[in-house]
Amino acid sequence: YALIASGLWILNSIYSTGYMRGNRESHQTRFYLCFALSIASVMGIAFSANMLTLFICYETLSLVTYPLVTHKAPKPAAVRAGRTYLGILVSASVLLMLPAMVGTWMYTGSLDFVHGGVFGEALADGSVPPWLFGFIFFLFMYGIAKAALMPFHRWLPAAMVAPTPVSALLHAVAVVKAGVFSVCKISTYLIGVDKLAEFGQGGWLLYAAGISVVAASFIALFQDNLKRRLACSTVSQLSYITMGAAMLNPLGMMAAAMHIAAHAFGKITLFFAAGSIYTAAHKTKVSELDGIGRRMPFTMGAFTIGCLSMIGLPPTAGFISKWMLLGAAWTTEQYFAVGVLVVSTLLNAAYFLPIIHRAFFRAPPPPSAASDESSTAAGVPHGEAPWPIVVAVTGTAACAATVFFYPSVFADLAFALMRGMPT
């Protein structure tokens, strides 16, 4: 997680320079200050040795990203989005995660992250009944609202009013990855997935995540706003990671960790491309993208690679992680997860491939087609966005393709997580 966040942060910083200047955004000093505080919080989450440290950094991340989400305030949409964003994230962590931490401390005397979790002794001597153990796990999973598990996902599409570098920050590098990383870390090193399996607790999470995967993919089909479609896709892709953790076995957890990397490279590419389109052509809707690939070949070429990664097709990182998820589900005979992966992959193709078709295989509209205010640039000649944006979007797309051919960097780290789990 630290490797992904710190690496992509460099490209995101290059991208944000081109975007913020290209669109003449205001309050850039505040923007970059909060950007820096966000990466500091992310590193704290990544390297936290106990749940208390993780919780403090987790909450700090929510607070320092709030000004980024509301960057366009006092516009009403930005204010409403910020209220939804902070309200859901803080309420869930304070009302659900914090009580789970208190319960863990009361019954185990520890909040440290250790192999196999901290509940082994308490479960063995009967001081924690299995139902209470399962309830604490439930509080943790829904307290981590950054993982966007339905119905605690509304903050994520709402935050799309933010500038595109923030959307990339939220959906690929920092916030949502903090959520799914915390799901994996708490499940493995605080709760103990072997204990969940042994005492028959936590099985519900597989079904909750599977429903979120399919439902969010279905909703994405009907979104014409490009960033909103990508946001719904993120809800679905995050639940892949949660579903891998919910398989309660080392193979599923390794696949979940690998998908954190694959999704990061693919989704940040898609959001970078959306911002590039907005900067160069001032277009925000899928229905406005006819022929844009001919005018922005680098941007839309990168967008295509990102789409292939989200669908799970070679040669992209998404193929590796989805294949691992499918293998983990099939090997452990969790056929519900197999069905979810198949159905959601078809839905992914259904809402991504039409965008590629529009961009490359339809003719651009004539200038007279620009009839409404949101499409004033339709048909007007334009090229690529400023070079920092193009460099960043092609760089992340190259990473998404490179991981397919050289997956060992992230696969070895994911395997290290699997080795640390009881079999």
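Colleague: Is Asp 290 buried or exposed, and what is its relative accessible area?

Modeller: Buried means under 20% relative accessible area, exposed means over 50%, and partly exposed is in between (1.4 Å probe, protein chains only). Asp 290 comes out at 17%, so Asp 290 is buried. Keep in mind that this is a predicted model, where local features need pLDDT of at least 70 and side-chain atom pairs count only at pLDDT 80 or more, while totals for chains, interfaces and linings use all residues. Residues are numbered from 1 along each chain as its sequence is written, and side-chain values use heavy atoms, with hydrogens and water left out.

Colleague: Which residue forms a salt bridge with Asp 290?

Modeller: The general idea first: side chains of opposite charge can pair when their charged atoms come close. The cut-off for a salt bridge is a side-chain nitrogen of Lys or Arg within 4 Å of a carboxyl oxygen of Asp or Glu. Here Arg 358 pairs with Asp 290, with 2.6 Å between the closest N and O atoms. Asp 290 sits in the loop between H13 and helix H14 (292–295) and Arg 358 in helix H17 (residues 335–361), so this pair ties together parts that are 68 residues apart in sequence. Helices here are DSSP runs (H or I, at least four residues), numbered from the N terminus. Like Asp 290, Arg 358 is buried.

Colleague: And where does Arg 362 lie?

Modeller: Arg 362 also makes a salt bridge with Asp 290, at 3.8 Å, N to O. Arg 362 lies in the loop between H17 and helix H18 (387–405), and Asp 290 in the loop between H13 and H14, so parts 72 residues apart in sequence are tied together. Arg 362 is partly exposed, at 34% relative accessible area. Put together, Asp 290, Arg 358 and Arg 362 are linked in a network of salt bridges.

Colleague: What about H13: how many of its residues are buried?

Modeller: In H13, 29 of the 32 residues are buried, so the helix is largely enclosed by the rest of the structure. At its start, a side-chain oxygen of Asn 249 comes within 3.1 Å of the backbone nitrogen of Leu 251. Just after H13, His 282 has a positive phi of about 60°.

Note on methods:
Helix = DSSP H or I, 4+ residues; strand = E, 2+ residues; numbered from the N terminus. Polar contact = N/O pair within 3.5 Å; in protein donor to acceptor, adjacent residues only side chain to side chain.
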